[in-house]
Amino acid sequence: MSHHSAAVTVPGIAAGTHRHPEKLSELLERLARDAGERISMREIANALNDRSFGAFLLVFALPNLIPLPPGATMVLGLPMVFVAWQMVIGYQKVWLPRALANYTIDRATFQRMVTRVSPWLRSAENWIRPRNWPLGGPLRERLFGIFSLLLAITCVLPIPFGNWLPAFAIAILGVAHTERDGNCLALGVLAGFVSVAVAGFVVAATGAFLMHIF
């Protein structure tokens with residue numbers, strides 16, 4: 001891997017301009033097939049186009065679903081806040097800091113990653129597909145961003161047992177946004193409301209317990 005810009009640029013795939021966008025597994029396979037010697041994070045984000053928000057939300061949510069030492073979610077949740085905030089302020093696709101955007105992966109490594117992920121994605125795509133997508137305008141996209149931001153902040157807060165559910169909800173929302181699946185979106189929103197309610201209950205119960213003690 002290298003921090004230098006990739007020498008060959010992979011053509012961007014404007015998936016968001018199609019009514020039924022290319023499946024994520026197909027997009028990644030095309031990237032792996034057409035990449036030069038190295039591929040940068042910028043090129044991946046450009047290829048994902050407006051679907052980069054959902055893809056990056058999913059990627060950053062997954063580590064938060066793994067049992068980790070206390071306090072780890074405060075660090076791992078910050079990238080989700082970073083991505084969701086960009087949706088709130090109206091970015092069309094994920095903006096990456098220069099150092100991260102220029103970070104490159106050699107073609108062979110990227111192809112191995114895609115080869116491992118593709119079977120799982122194809123299995124999920126049998127159930128998740130473009131349908132009933134309600135986020136057709138900038139205002140609705142920003143509302144989606146606000147909701148994702150709320151969940152991401154909930155992940156960052158040091159709430160006992162309160163981080164897994166919002167991270168799970170963000171992962172569902174990320175898949176829904178990437179594949180433009182309105183049914184999956186509804187499931188993610190439901191999981192999000194449940195997670196916020198659970199986090200609120202934990203905070204209230206903890207506060208009441210501390211007041212009782214002191």
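Phe82 has a relative accessible area of 32%, so it counts as partly exposed (buried is under 20%, exposed over 50%, partly exposed in between, with a 1.4 Å probe and protein chains only). Trp95 is also partly exposed, at 46%. This is a predicted model, where local features need pLDDT of at least 70, side-chain atom pairs count only at pLDDT 80 or more, and totals for chains, interfaces and linings use all residues. Residues are numbered from 1 along each chain as its sequence is written, and side-chain values use heavy atoms, leaving out hydrogens and water.

There are 4 aromatic pairs (rings of Phe, Tyr and Trp, the last by its six-membered ring, with centres within 6.5 Å; planes under 30 degrees apart are stacked, over 60 edge-to-face, the rest tilted). In one of them, Phe82 and Trp95 have ring centres 6.2 Å apart and planes at 50°, so they're tilted. Phe82 sits in helix 5 and Trp95, 13 residues away, in the loop between helix 5 and helix 6 (helices are DSSP runs of H or I, at least four residues, numbered from the N terminus).

Trp164 and Phe168 are stacked, because their planes are at 10° and their centres 5.2 Å apart. They're 4 residues apart in helix 9, which means about one helical turn separates them. Trp164 is partly exposed at 42%, and so is Phe168 at 33%.

## Helix 1 meets helix 7

What handedness does the crossing of helix 1 and helix 7 have? It's left-handed (the near helix is turned anticlockwise from the far one by less than a right angle; clockwise would be right-handed).

Key
Helices (H or I, at least four residues) and strands (E, at least two) are DSSP runs, numbered from the N terminus.
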